[in-house]
Amino acid sequence: MANLLTPMGSNPKTRKRLDTCSFEGAILHLLAASEGPSALGLPGTVCPAARINRCETACLVWQGRGRMNSVYKGRLRKTSLFLENPAAFLDQLRKELRNLRNRARRKNYTAIARLDGTSDLGLAERFAPEFLRIQFYDYTKVVQRVYRARKHHNWHVTFSRGAGNEQTALQLLHERACNVAAVFRVRKGEPLPKEWQGFPVIDGDIHDFRFLDSPRAGAVVGLRAKGSAYRDTSGFVVD
């Protein structure tokens, strides 16, 4: 069976600071939102909050290498396995996480994993108690995961602001429950705003490792709109 996880060193963003931080990392990319199930003729979604947040067309899954046919087919294969044979999918993922942990141990590195690279399934919640030596981290639009993640020292969650959940995002910021990611209509190389809705903005494009952000929650992780997302008019991208 072909691997589910992709080494973080193969992704331009996730490989930033990878070696300098002594991380051995892997990421799981599925075919996001309704596209995967519909292409397979199956019901369901791997991003339960995507429709209400109107982020499907601006999704990262369609930017960069995600537009390549070979990448699309690989993500479709993984999504097919998850939807049609979840037990086999989870068994394979467990095996690969075990291999990741062992590779990191041999190098004396820290193992890190992002299991919702282009999905929002909360897979890390299942595996964090089993793999305590792996640092899991995710972006999510499912607010309940923000609070459940607090029960796991090795699972870090950043809430993702969308067109339909801005009030929830602001509530979480006011509570200092977590940091909130927001996509701005700012091109590569241009500065992000210093504040959004009164909260400080940190540059989330410098690296992907959100668990390295300040432990004091209540900041906005600013991300620049990538590719076609720059032209988004759904409200997902902040002007």
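1. Let's start with a charge sitting over a ring. In this predicted model, Arg187 lies over the face of Tyr230, with 3.7 Å separating Arg187 from the ring centre.

2. Taking the contacts with a separation of 6 or more, 61% are between residues 24 or more positions apart.

3. Now for the aromatic rings. The chain holds seven aromatic pairs. One of them joins Phe23 and Phe209 edge-to-face, at 5.2 Å centre to centre and with 85° between the planes. This pair links distant parts of the chain: Phe23 belongs to strand S2 (residues 23-28), while Phe209 sits in the loop between strand S8 (199-203) and strand S9 (220-224), 186 residues apart. Both Phe23 and Phe209 are buried. Together with Tyr137 and Phe211, these two residues form one aromatic cluster.

4. Helix H4 deserves a visit of its own. The helix covers residues 86-107, 22 residues in total, and spans 32 Å from its first C-alpha to its last, close to the 32 Å expected at 1.5 Å a residue.

5. Which residues of H4 are buried? They are Phe89, Leu90, Gln92, Leu93, Glu96, Leu97, Leu100, Arg101 and Ala104. As you trace them, keep a general point in mind: an α-helix has 3.6 residues a turn, so residues three or four places apart point the same way. The buried residues of H4 pack against several elements: strands S1 (5-7), S2, S3 (110-114) and S4 (134-140), along with helices H3 (69-84) and H5 (123-127).

6. Next, have a look at strand S6, residues 180-184, where five of the five residues are buried. Both faces of S6 are covered, with Val180, Ala182 and Phe184 on one side and Ala181 and Val183 on the other.

7. What does S6 pair with? Strand S5 (residues 155-160) pairs with S6 in the parallel sense over two bridges, and Ser160 has Ala181 of S6 as its bridge partner. S6 and S9 also run parallel, joined by five bridges; here Phe184 is partnered by Arg224 in S9. Strand S10 (residues 237-238) pairs with S6 as well, again in the parallel sense and over two bridges. In that pairing, Val183 has Val237 of S10 as its bridge partner.

8. A last stop is Arg145, in helix H6 (residues 143-148). Is Arg145 buried or exposed? Arg145 counts as buried because its relative accessibility is 9%, and the cut-off for buried is under 20%. The side chain of Arg145 makes a polar contact of 2.6 Å with the side chain of Asp120. Leaving aside residues up to four places away in sequence, Arg145 touches Asp120, Leu121, Gly122, Thr140, Trp155 and Val157. Two elements already mentioned come up again here: S4 covers residues 134-140, and S5 covers residues 155-160.

Notes
Residues are numbered from 1 along each chain as its sequence is written. This is a predicted model: local features need pLDDT of at least 70, side-chain atom pairs count only at pLDDT 80 or more; totals for chains, interfaces and linings use all residues. Side-chain values use heavy atoms; hydrogens and water are left out. Helices (H or I, at least four residues) and strands (E, at least two) are DSSP runs, numbered from the N terminus. Buried means under 20% relative accessible area, exposed over 50%, partly exposed in between (1.4 Å probe, protein chains only). A polar contact is a pair of N or O atoms within 3.5 Å; within protein, one must be able to donate a hydrogen and the other to accept it, and residues adjacent in sequence count only if both atoms are side-chain atoms. Contact means heavy atoms within 4.5 Å. Rings of Phe, Tyr and Trp (its six-membered ring) pair if their centres lie within 6.5 Å; planes under 30 degrees apart count as stacked, over 60 as edge-to-face and the rest as tilted. A charge sits over a ring if NZ of Lys or CZ of Arg is within 6 Å of the ring centre and within 35 degrees of the ring normal. The expected span of a helix is 1.5 Å times one less than its number of residues. Two strands pair if DSSP finds at least two bridges between them.
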